[in-house]
Amino acid sequence: MLSFYKVKKPFSFQFIPFLRIICFLNLDVDFSPTWDSDDEYEKFIQKMNPPRVIIDNESYPNATVVKVDSANKNGILLEVVQVLTDLNLVISKAYITSDGGWFMDVFNVTDQEGKKIKDEATLNSITNYIRKSLGADSSYIPSRRQSVGIAPSTNYTSIELTGTDRPGLLSDVSAVLADLNCNVVNAEIWTHNTRAAAVIHVTDEQAGLPITDPDRVSKIKERLSNLLKGSSHDLSRGPRTTVSMCTTHTERRLHQMMFDDRDYVKPDDMASGMNARPHVTLRNWHDKDYSVVTIRCKDRPKLLFDTVCTLTDMKYVVFHASVDAEGSEAFQEFYIRHIDGSPVNSEAEKERVIQCLKAAIERRVSEGLKLELCTKDRVGLLSEVTRIFREHGLTVTRAEVTTRGDKAVNIFYVRDSNGNPVDPKMIDRVREAIGFTVLQVKGQIEQPKSPQELSPTQFLLSSLFRARTLCPFGLVRP
């Protein structure tokens, strides 16, 4: 069992105003008089008891300890974990308690190489960003209706897509955007349980500015919606396309999009592609009215962020937690209640929580060979690269597309169109077509399955998807 901290008396020091840069105001919140008064009271409490962040580099030889004390509010744990994750820190241990009106967290963090943080700029960033994130003048409002907010962007137009995954989907989307004179600046694409979600940032290919013309925005949405409808076979989960001048925390938004799309529901005919699924249990501690969630799985970066995102999206509040990820296996234990104060009350609800947490852990587990592309950025690059992937029978299971100055740095996780490991000879042909120095292989290539292990149906569908052209659908020009 988790040993709970005894909450000490709140303290105060000079309040530091700031502009929040991590979480954004949700424009869909219903600002009723009651909600306004609750929010003003919360801000008053935060001003009277501003957050305190203490960095301790002496207690542990291999980790930096970050202690956070603050007046409690809805969503506070996610905010702190998100800041640490965005600073590329690895959380190896954590102890969380937030009973009553006070929030106390202790995190043991390292850099990506497992070393304690000694860089003064990074240490200052940890302190400043957490204080700004939790301060009373933050633009964040802990909405009871939405977990992710939005803010206007002046740099790009944001496109959000959810729908049925299939081989060549990213290639098709990239081709449509290139045909509509859109330049992809950044993008992140996740796939899980036959579902796909993407957040794509685009600009006009000539002006390099956001696309604001309503007719053009409407045309982009229409073309992408038609594309996604063509690949959707699940009538209960139709495709969704959103084009806006707003921005969100991309990974935070992807979690919410896939949760809303119910990617945690696994198709009956889908075999498990993971070697070892996460072990998640839930039991009720009736004496304290807590539901206790225990997670054991292989450790990986951003794991705590992913699980806390999902608990927040499901409207559960974490009152206490213990996290240990110092070895190859991660252990997480959460003491939760629903936002209405009740524990998990039914077997159906219990099963749903377990399913959703497993999905949150698996979404970021990238099955496939990791390829890294680094070259001078140019309009249409993503469309060209994904077309070559498709022509060689590769399908993208996850992608991160970024632009750094005049350089494009893209990460792709690929498998063959049947979902199996790729043939090393095929990777050599793809690298030859794109450029051996441009496209690098990261990690070891798995051996593909023999033809006897694959069904005739898989080969039929594979050939169908590779041969498919978009011209008959009016999606791209011949």
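A residue is buried under 20% relative accessible area, exposed over 50%, and partly exposed in between, using a 1.4 Å probe and protein chains only. Cys-309 counts as buried because its relative accessibility is 0%. Cys-356 is buried too, with a relative accessible area of 0%.

This is a predicted model: local features need pLDDT of at least 70, side-chain atom pairs count only at pLDDT 80 or more, and totals for chains, interfaces and linings use all residues. Residues are numbered from 1 along each chain as its sequence is written, and side-chain values use heavy atoms, with hydrogens and water left out.

**Overall make-up**

The chain has 478 residues, and buried residues make up 52% of them. It has eleven helices and 18 strands. Both are DSSP runs numbered from the N terminus: helices are H or I with at least four residues, strands are E with at least two. The accessible surface comes to about 22800 Å², and carbon and sulfur atoms hold 51% of it. Accessible areas come from the Shrake-Rupley method with a 1.4 Å probe; for residues, only the protein chains shown count as cover. Contact means heavy atoms within 4.5 Å. Of the contacts in the chain with a separation of 6 or more, 76% are between residues 24 or more positions apart.

A disulfide is a pair of cysteine sulfur atoms within 2.5 Å. The whole structure has zero disulfides.

Two strands pair if DSSP finds at least two bridges between them. An open sheet of eight strands runs in the order β1-β2-β4-β3-β13-β14-β12-β11, with antiparallel pairing. β1 (52-56) and β11 (279-285) stand at the edges with a single partner strand each, so one side of each has no neighbour in the sheet. Neighbouring strands are turned by 20 degrees against each other on average, direction ignored.

| Strand pair | Bridges | Facing residues |
|---|---|---|
| β3 and β13 | five bridges | Ala-94 and Val-323 |
| β11 and β12 | seven bridges | Leu-282 and Val-293 |
| β12 and β14 | eight bridges | Cys-297 and Ala-330 |

Strand β12 (residues 290-298) is mostly covered, with seven of its nine residues buried. The hairpin of β11 and β12 has four residues between the strands, and Asp-289 takes a positive phi near 60 degrees there.

**Helices and cores**

All of helix α7 (residues 303-313) is buried, eleven residues of eleven, so α7 is largely enclosed by the rest of the structure. Its buried residues include Leu-303, Phe-305, Asp-306 and Cys-309. Lys-315 follows α7, with a positive phi near 70 degrees.

Helix α2 lies across β2 (64-71), β3, β4 (102-110) and β13, at about 20 degrees to β4. Axes are lines fitted to C-alpha atoms, for helices over the stretch in contact, and angles run from 0 to 180 degrees between N-to-C directions.

A nonpolar core is a set of buried Ala, Val, Leu, Ile, Met, Phe, Trp, Tyr and Cys residues joined through side-chain atoms within 4.5 Å. The largest has 51 residues, of which Leu-84, Phe-107, Ile-130 and Phe-334 touch the most other members. Helix α2 (residues 76-86) gives the most to this core, with seven residues. Apart from this core lies another of 44 residues, among them Leu-169, Cys-182, Leu-382 and Phe-412. Beyond its neighbours within four places in sequence, Leu-84 is in contact with Leu-89, Ile-91, Phe-107, Val-109, Ile-126 and Ile-130.
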